[in-house]
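These are my notebook entries on a two-chain structure. I set down what I looked up, entry by entry.

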Amino acid sequence: MIAAIIFSVLLIGGFGWFGVNILKIRSNILLGRDVNRKDKPGERWKTMTLVALGQKKMFARPIPALLHLGIYVAFVITQVELIEIIYDGITGSHRAFMSSLGGLYTLAVSIIEVLSVAALIATIAFLSRRNILKLARFQKPEMKGFPTFDANLILCMELVLVFCIFTMNGADEALYLKGASHASHEAGSFGFAISSWVGPHIFGGFSVETLHILERVGWWGHWFMVLAFLNYLPYSKHFHILLAFPNTWYSNLEKKGKFTNMESVTAEVKLMLDPTADPYAAPVAAEGTPQRFGAKDINDLTWKNLMDAYTCTECGRCTSACPANITGKKLSPRKIMMDTRDRMVEYADGKRKNGLDYEDGKSLLGDYITEEEIWACTSCNACVQECPVNIDPLAIIVDLRRYLVMEESKMPTELTGMLTNIENNGAPWQFSPADRGNWIHED
Amino acid sequence: MSTIHVPTMAEMMAQGQTPDILFWVGCSGSFDDRAKKITKALVRILNECKVNFAVLGAEESCTGDPAKRAGNEFTFQMQAMMNIQVLDGYEVKKIVTACPHCFNTLKNEYPELGGKYEVIHHTQLIQELINSGKLKLKEGGVFKGKKITFHDPCYLGRANDVYEAPRMLIEKLDAELVEMKRCKTNGLCCGAGGAQMFKEAEKGNKEVNVERTEDALETQATIIATGCPFCNTMMTDGVKNFNKENEIQVLDVAELIANAAEL
């Protein structure tokens with residue numbers, strides 16, 4: 001009875017706190033400007049199914065893709081077991097679904113066990129890649145400190161979770177063999193794929209009392225890990241397991257080369273080109289607060305840029321494909337996403353704490369991302385192509401450039417010349433427009 | 001080499017004619033000495049196939065691509081609106097260009113400003129001309145058995161998913177197409193995109209075009225083919241950096257085809 005109460009309190013508390021954090025993240029994302037990403041729902045469902053559920057883009061690199069798939073499938077399927085844990089926890093029953101499901105139960109738990117072994121192997125491989133093989137993309141400057149700790153912590157939590165599952169099932173199997181499991185009054189075997197071996201071989205030597213304790217340690221440990229994992233997610237890069245789905249659904253479906261059109265500029269340019277426009281007319285009052293050209297801080301970006309930032313799992317495929325980063329420049333598309341997320345959290349927490357009018361005097365551009373970084377971009381779209389969850393770092397880089405150029409007129413001096421040339425003679429170089437057709441008559 | 005025939009839109013209109021397609025030459029193709037050769041190679045192909053085309057000549061102006069990539073939307077839209085007025089004035093329906101940056105901008109970014117045209121890259125047009133039998137390459141051509149690698153321009157490949165047209169053309173040369181380790185969707189930029197062409201690179205430990213040229217050298221190809229005047233410049237500089245300009249040529253796909261057709 002007490003166990004059931006503790007369980008229920010943890011259940012409500014754990015899921016409740018998770019819910020609170022989800023709402024907080026949602027409101028942070030909605031700090032961004034609006035952008036329409038609801039057209040073509042058919043294509044969106046297809047993209048989400050292929051890219052998030054089917055992990056299509058992960059398979060551009062087959063080895064990590066297979067390892068990742070092992071953990072991913074194990075994680076999803078293990079949630080089935082969680083239903084029983086919650087039912088057992090609230091009612092005080094033991095393996096409540098075993099008798100009603102029969103052979104199906106044995107099959108389901110066996111699948112979970114096999115996948116858990118796959119996840120265990122993958123987790124160890126991932127830990128080795130990060131800490132022993134030291135893969136270059138995990139050693140970049142932006143990974144120092146919390147990001148590396150975060151990644152290792154998540155992997156260690158996965159290890160603990162797998163050990164809990166086998167302690168629980170193994171000890172219970174050993175008990176069953178002795179006719180002492182709470183699942184049945186008779187002696188026998190659950191017949192689960194892995195624990196029918198783990199049970200006798202690892203837990204066979206323990207007394208019935210110790211086994212009951214071990215089984216409970218495994219069971220409660222599993223439950224604690226689930227809650228710990230759930231509530232750590234919103235603070236971790238591991239949040240991608242949830243946001244990958246909406247983030248791919250809201251993908252940019254246009255050609256990657258198409259940059260967004262700035263409608264606020266269109267209105268002014270049309271006015272400039274209109275010979276009938278009255279130069280002395282009072283300017284038409286814009287609706288709402290005037291929009292900044294480009295982006296300086298969080299609220300200048302779109303909600304999709306911000307969702308991208310929360311979805312990033314810091315894998316660094318973008319950075320490893322970035323021509324600027326490969327050649328030693330400061331730009332790292334992953335850092336752009338991490339900076340955007342960190343600044344968003346700081347910005348939103350500041351407003352929450354000190355009121356909506358609060359300004360902390362900081363901004364994404366300047367305090368987090370430097371001009372040197374954004375000017376190193378070749379807009380080649382390699383980062384966008386690489387991202388397994390369709391994040392678009394280039395969209396943020398372009399909006400930061402727009403702010404610098406159009407609001408502050410700050411850019412590398414050669415670009416000022418290039419822009420002047422386009423404006424004066426219709427080419428990025430100083431050639432007379434009248435000479436444009438000269439090539440026709442040259443040898 | 002035969003003389004080329006390049007009518008302008010204004011001349012055609014004066015004669016009451018309408019071309020089937022506008023050849024958008026672009027700033028590079030009009031002013032850059034190296035790129036002008038690509039322009040002329042394409043013209044020779046168009047002339048050979050009796051394509052009814054015209055150029056804008058002095059009425060053409062920068063599409064605004066480098067301004068937009070640099071973040072100056074005002075300059076971009078001013079250019080775009082003026083170009084759209086000219087294009088619509090001549091009732092242009094279809095455009096071909098040998099520059100992937102012009103291609104991308106005209107195709108993807110002009111429609112929202114009112115300029116709606118069918119835009120194709122020159123490799124796509126040449127592919128059509130060969131497939132329809134209008135252009136015939138000579139048997140056992142000059143490139144037979146040569147190793148050619150193709151550098152994917154970012155604004156043609158990743159930006160617009162055109163990967164096959166240039167490759168199909170290289171295969172028509174009876175040449176051996178060898179791929180670099182980073183190609184198609186994984187292709188590495190030449191370093192010129194995003195207005196980088198017009199500025200010094202930020203501090204780093206290498207130039208992007210040098211890194212990319214290493215990929216090309218690894219293939220042992222004697223010809224690096226491109227489909228972009230800016231990639232051409234960057235790869236040519238990269239080859240010079242390795243003092244290989246006597247062994248390796250950097251050529252546009254249009255030049256390869258024009259040579260193979262003995263135009």
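I take helices (H or I, at least four residues) and strands (E, at least two) as DSSP runs, numbered from the N terminus. I note that this is a predicted model, in which local features need pLDDT of at least 70 and side-chain atom pairs count only at pLDDT 80 or more, while totals for chains, interfaces and linings use all residues. Residues are numbered from 1 along each chain as its sequence is written, and chains are lettered from A and ligands numbered from 1 in the order in which they are written.

**Entry: chain A overall**

I counted 19 helices and zero strands in chain A. I looked up its radius of gyration, taken over C-alpha atoms, with 2.2 Å times the number of residues to the power 0.38 as the globule rule. Chain A has 28 Å, whereas a compact globule of 443 residues would have a value near 22 Å. The C-alpha trace of chain A spans about 95 × 55 × 40 Å along its principal axes.

I call a residue buried if 20 or more other C-beta atoms lie within 10 Å of its own, exposed if 12 or fewer, and partly exposed in between, with C-beta atoms placed from the backbone. By this count 39% of the 443 residues of chain A are buried. I call two residues in contact if their C-beta atoms, placed from the backbone, lie within 7 Å. Of the contacts in chain A with a separation of 6 or more, 77% are between residues 24 or more positions apart.

**Entry: the side of chain A that touches chain B**

I found 53 residues of chain A in contact with 56 residues of chain B. On the chain A side, at least two residues each come from helix 10 (263-273), helix 13 (323-326), helix 16 (371-375), helix 17 (382-386), helix 18 (393-407) and helix 19 (413-425).

**Entry: the nonpolar core**

I define a nonpolar core as a set of buried Ala, Val, Leu, Ile, Met, Phe, Trp, Tyr and Cys residues joined through C-beta atoms within 7 Å. The largest has 173 residues, and those with the most contacts inside it include A:Leu400, B:Ile45 and B:Ile170. Helix 6 (residues 146-177) of chain A gives this core its largest share, 10 residues. Not counting residues up to four places away in sequence, A:Leu400 touches A:Gly294, A:Ala295, A:Leu365, A:Ile369 and A:Ile374.

**Entry: the sheets of chain B**

I count two strands as paired if DSSP finds at least two bridges between them. In chain B, four strands form an open, parallel sheet in the order 2-1-3-4. Strand 2 and strand 4 (118-121) of chain B are its edge strands, each pairing on one side only. Strand 1 (residues 21-24) of chain B pairs with strand 2 (residues 53-54) over two bridges, and three bridges join strand 1 to strand 3 (residues 94-97) of chain B. I looked at B:Leu22, whose bridge partner in strand 2 is B:Ala54 and which stands opposite B:Ile95 in strand 3.

Another open sheet of four parallel strands in chain B has the order 6-5-7-8. Strand 6 (176-177) and strand 8 (249-252) of chain B each have a single partner strand, so one side of each lacks a neighbour in the sheet. Strand 5 (residues 147-150) of chain B pairs with strand 6 over two bridges, and B:Ile148 stands opposite B:Leu177.

**Entry: helix 7 of chain B**

In helix 7 (residues 122-131) of chain B, the buried residues include B:His122, B:Leu125 and B:Ile126. The buried residues of this helix pack against helix 3 (33-48), strand 3, strand 4, helix 8 and helix 11 (253-260) of chain B.

**Entry: positive phi**

Most residues other than glycine have a negative phi. A:Ser379 counts as buried because it has 24 C-beta neighbours inside 10 Å.

B:Glu91 also is not a glycine and has a positive phi of about 50°. B:Glu91 is in the loop between helix 5 (73-89) and strand 3 of chain B. With 9 C-beta neighbours inside 10 Å, B:Glu91 counts as exposed.
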